[in-house]
Structure formats: C-alpha cells, structure tokens
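Subject: Structure handover

Hello,

Here is the structure I promised to pass on. My notes on it follow below.

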Amino acid sequence: MSRGSDRTRLLVISPHLDDAVLSFGAGLAQGAQDGARVTVFTVFAGTASPPYSPAAQRLHGIWGISPDQDASLCRRQEDIAALGLLGAGHRHGRFLEALYRKSPDGRWLADNVPGRQKVAIDRRSSQGDPDLFWAVKADIESAADECAPTLIVTSAAANGHVDNVIARDAALFTAHERGVPVRLWEDLPHAVFGLGDVELPRGFRLGPPEFSCVGTTTRERKFEALKRYPSQMSMLNGPGKDVFAQLDKHARDSSPHGGYGEKTWPVARHTSTRRLAS
C-alpha cells in the first residue's frame, strides 16, 4: 500500500469476530497508518437467540458471558473496540456462525470435544448449504459496492472451518467479477500448530507467499487490539498458554529478515489448485 494514498481502499472479509485481527491485525494497522481506508466486514456476526446448542452454552461460560447476556452483542462490541484501536472501520454481517446453526436434519453443526475448550464443527456442511453461500456472496458484493476496494483480503481457510471456506470462496468470486486483486491471510493462531492443504475453488490458485514485516509500534498495536476481545482471550491466553508469545515465535520462524510480520498469498485465476505454501 502506498503511504499517504487516499485511493487505497482495503476491504477485509473476516469470517468471525476477531479472525481479521488475529491473522491480519498488523496489516490493518499498517494500512490505516499509511493512509488507506480500511473496512473489515465480518460475515458471521449475526445475533443468535436461545435455545443454544450445548456447545454454545459451554463456550459462553468459558467466555465469561452469563446466560442473561447477548453473547453476539458482547462480541460485536469487542470487535468495534479492537478495530477502532487499529484505525479500521467495521461492518457486521447478519449471518449466524456455525456454532449457532443446524444442519438440514436438525442437528447442531457444533459439538463439544471432551477435555478441550474448543468445539468440533461438522465439515460436511460446507457442501450442503448453497443458499447460505449465495446469500453471503450477495452481502459481500454489497460491501464491495459500498467500499469500492482496490484490494480484498480474507482468510485462506486452511483450518477447514465451514464459515471460513464460505466467506473465502464468496470473496474470491466477488473479487474476480470486479477485477479487484485479492490476498489470503495465514490463519492464526491455527498456523502455529500446522495447517493442511487448501483447496481453492476451481479456476483459482495461490501465488507465492509474501511476509510483510512491521515495526514494533504496529506489532504492539495489534496485540493491544487482541486484548479488546476478552471473550476470546479467555481461550487463547492465560495459565499454560500465551498467544502473544506463540504469535511472536511463529513470526520469527516465518520471517526472512527477523522481526514481526504476517504472511499472505495473492490469488490468481488458473485451472488447478495447489498446496498452501509454507
């Protein structure tokens, strides 16, 4: 991004509240500092109503959200605070994340994993809800019409989460139809523990990875923004786990020159797919 350019408009498609800041928070802060207009559209940020799945109820407790509180509203307020610190605007989507959705046969998509804080999401659902995909794409198109981006950035969906895959694919097609360059971020903190293959939609392929270094102030701003998500930090940071140390080490291991930064990949049109580069 060109420093001071008022023509740079960055539209970031975040599957969930906090995904963009975790994986691309330094990029958001640097873009805003360089004079770009930065907007983060979080797709799956809709308001869920009870009854909740057992998995959702359990996570609400871990997040410190009581049964009489609106969990979705609490998390949106966290997101507004975090993005405001980074100098980015926010736009919250209407769709429920998979934690609150059911499959066509009435089963919850999310299930508890014994002995772990996280939940398991039914991955088969990524192929089973075309109506949701097209509705998401329509809303991303609306965001693109409003923001007129010169660059779109979204998740590589290397963790295989159905919401990430839907948001990524919808963003890819929207960007292609408008002739807007698109980049995919490395999904953090998942990449710290290793990621598998990424199968992009037919006709798209990943370009070579790029590691963008940032200064200490930008790194610190990202980490301060992450602290604005206390619900999620309750799972990522605390006794026996330090997400900030993990992010620092992963960046050092990935950086060709040392220092903190984030990895992204450009996406081009092609007839085949390729493995996520390391």
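The lining of the largest cavity has five nonpolar, two polar and three charged residues. Here Ala, Val, Leu, Ile, Met, Phe, Trp, Tyr, Cys and Pro count as nonpolar, Asp, Glu, Lys and Arg as charged, and the others, Gly among them, as polar. Among the lining residues are Leu17, Phe44, Arg75, Glu97 and Tyr100. The space inside the largest cavity is about 60 Å³.

Before the rest, two points on the source. This is a predicted model: local features need pLDDT of at least 70, side-chain atom pairs count only at pLDDT 80 or more, and totals for chains, interfaces and linings use all residues. Residues are numbered from 1 along each chain as its sequence is written, and side-chain values use heavy atoms, with hydrogens and water left out.

Now the terms for holes. On a 1 Å grid over the protein atoms alone, a cavity is a set of points where a 1.4 Å probe fits but cannot get out; a pocket is an open set with protein on both sides within 12 Å along at least five of seven lines; lining residues have an atom within 4 Å of a point. Grid points are joined across faces, edges and corners, and a volume is the space filled by probe spheres set on the points.

The whole structure holds two cavities of 30 Å³ or more. Helix H8 and strand E10 each supply at least two of the lining residues. (Helices are DSSP runs of H or I with at least four residues, strands are runs of E with at least two, and both are numbered from the N terminus.)

The largest pocket has a volume of about 810 Å³. It is lined by 29 residues, and Lys118, Val119, Asn159, His161 and His190 lie nearest its centre. Helices H1, H2 and H7 and strand E5 each give two or more residues to that lining. By class, the lining has 13 nonpolar, eight polar and eight charged residues.

Next, H8. Its twelve residues, 243–254, should span 16 Å at 1.5 Å a residue, and the end C-alpha atoms are 16 Å apart, which agrees. (The expected span is 1.5 Å times one less than the number of residues.) Val243, Phe244, Leu247, Asp248, His250 and Ala251 are buried in H8, where buried means under 20% relative accessible area, exposed over 50% and partly exposed in between, with a 1.4 Å probe and protein chains only. (The arc is that of the directions from the helix axis to the C-beta atoms.) They pack against strand E9, helices H6 and H7, and E10; contact means heavy atoms within 4.5 Å. Exposed Arg252 and Asp253 are on the face turned away from the buried side.

Helix H5 is mostly covered, with 13 of its 17 residues buried. Gly179 follows H5 and has a positive phi near 70°.

Finally, the backbone. Two cis peptide bonds to note: Pro50 to Pro51, omega about 10°, and Leu188 to Pro189, omega near 5°. Asp18 is not a glycine, yet has a positive phi of about 100°. Asp18 is buried, at 7% relative accessibility.

Best wishes
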